[in-house]
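The report below concerns the packing and contacts of one structure, shown here with its sequence.

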Amino acid sequence: MFLLALVAAWEAASKSGLFQSWLVPSPVDVARSLGEGISNGTIPRGILISLRRLAIGYSVSLFGGVALGLGMARSVWLKDTLGTLVVGLQSLPSICWLPIALLWFGLSESAILFVVIAGSLFAITVATESGVRNVPPLYLRAARVMGARGPQLYLRVLLPAALPSILSGMRLGWTFAWRSLMAGELLYASGGLGQLLQTGRELGDLARVMAVMVAIVALGLVSEVLVFARIEARVRERWGTDRT
Amino acid sequence: MIELRQVSKTFTTTRGTTEALSGISLAIARGEFVCLVGPSGCGKTTLLNLIAGLDQPDSGEVLASGAPITGPGPDRGVMFQEAALFPWLSVEQNVEFGLKEQRVRRRERKSRTRRFLELVGMARFAGAFVHELSGGMRQRVALARALALEPEILLMDEPFGALDARSRDALQAQVATIWAHTGKTIVFVTHDMAEAVRLGSRVIVLGARPARVQKSVDLEALLPRPRSVDQRAVVELAAHLKRGLDDTDEMEAAVDAEESHDAGVEPAARGDRARSGDHRLGVPR
């Protein structure tokens, strides 16, 4: 409802003649451009290329981040050595990794994956670490008296107990990965949604730019609604932590 | 069955060191239901943790069936003050947790889980999540979880301290029944003397930190079962044992269980003749 009103206002603004039409394309133009992009395959192809990069980079970040966070929470040595480094790197905007990536990997697929991983890994690491650190020691003692040891203790107790925190880290990591990817693609990479945005700009085709933006927002919403919100609802149900 | 020999344990925190146990010796025989009573912070939980294998003594030995305890083991089930159930698992999965660790086969696991949940009256809640249960129900599940591993020894650390009177009474009755039917060795830590007297076949009274054995009273011959906390004999004996705790002159005294039992006098009159005795009371059963 709110969205419809917004679109109507936008339409009215673009038709009012207050702005030059090439700066504020009407929603109808954007929709037409979107339809065109979808039917001629450029947008679906861009989505596929971007999502593939995201999937690879994010998977690496997820496993690496959870493992690193777990290690840092349980080992004083790792915490002392990597702790400050991770916190410091986490505050580094992901696009700052791009120059290094380009020098190390050249204009390649690896460079963009590197940026995505560097951008999201540490958010997941930090959330996992704090989650594991906050697991009540009582759970560990209860598990130990029932015979849990070593890897079992990590897999069956520490990780599930830290899941709510890990989940928020995963969410944050996903957002960071997405942003790093778009930034990287905008600046140089071939294919992908970021590049579609860039070509739209070069052609001065604002309707096209906005169409791609709509596609990006839609992807974000879908991942949120279909993946994260569902997982979180399940966790909430189990733990009995209600939205208050 | 369980033996402590000259066990000492000191904890170091930022605020300094605390001597929880200092050269304590104790023997608990197979099939005993020993209640350890003492003021809060007297080291009784430390003692239980040592037997559970969650802690190691600084000096001295802790033995189970003659072998030194080096860590937790499935022969010793533990119940904590809080239920310590895992919130990410259902009631059923909580009970199964230890069985999975012990690599019990699936069918056996399911049937044991079912059996012990039925025993504690929680079978209806097998699929429930922990947050849906009341405190008493959680402790029931925790009891089923400890029993499911079929340990010879059950260690209980003030498991009913946080419950309302009714749940506590029901759970006490349940534990007494389980002990009577299975003959498990139970070590039960509490600060509630009436609870100790109601449940134990022997009550060991510990003094303030570092914990020392002040009295060890064999109850089995004194009080018939079933007992209840408001029964007159239980109340009187509890009051009497408590009096000893407050009276510093009696701090060193220990009631010789055998003597009082043979004399056959009223429990309330007995402690006055208490004499310093062997703290390493064996098992007169």
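## Core, contacts and sheet

The largest nonpolar core has 132 residues, and those with the most contacts inside it are B:I51, B:A144 and B:V203. Such a core is a set of buried Ala, Val, Leu, Ile, Met, Phe, Trp, Tyr and Cys residues joined through C-beta atoms within 7 Å, where a residue is buried if 20 or more other C-beta atoms, placed from the backbone, lie within 10 Å of its own. Helix α6 (residues 109-133) of chain A gives the most to this core, with 15 residues. Because domain 1 (27-57 + 67-75 + 153-285) and domain 2 (82-150) of chain B both give residues to this core, it lies between them; the domain bounds come from an automatic or database domain assignment.

This is a predicted model, in which local features need pLDDT of at least 70 and side-chain atom pairs count only at pLDDT 80 or more, whereas totals for chains, interfaces and linings use all residues. Residues are numbered from 1 along each chain as its sequence is written, while chains are lettered from A and ligands numbered from 1 in the order in which they are written.

Two residues are in contact if their C-beta atoms, placed from the backbone, lie within 7 Å. The contact between the chains takes 19 residues from chain B and 16 residues from chain A, and within chain B nine residues of domain 1 are in contact with eight residues of domain 2. The table gives the classes, with Ala, Val, Leu, Ile, Met, Phe, Trp, Tyr, Cys and Pro counted as nonpolar, Asp, Glu, Lys and Arg as charged, and the others, Gly among them, as polar.

| Side | Nonpolar | Polar | Charged |
|---|---|---|---|
| Domain 1 of chain B, touching domain 2 of chain B | seven residues | two residues | no residues |

Helices (H or I, at least four residues) and strands (E, at least two) are DSSP runs, numbered from the N terminus. In helix α7 (residues 137-145) of chain A, the buried residues are A:Y139, A:A142, A:A143 and A:V145. They cover an arc of only 165° around the axis, which puts them on the same side of α7(A); the arc is that of the directions from the helix axis to the C-beta atoms. These buried residues of α7(A) pack against α8 (150-187) of chain A together with α1 (44-52) and β6 (76-79) of chain B.

Chain B also holds an open sheet of four strands in the order β2-β1-β4-β5, with antiparallel pairing, two strands being paired if DSSP finds at least two bridges between them.

Technical notes:
A residue is buried if 20 or more other C-beta atoms lie within 10 Å of its own, exposed if 12 or fewer, and partly exposed in between; C-beta atoms are placed from the backbone.
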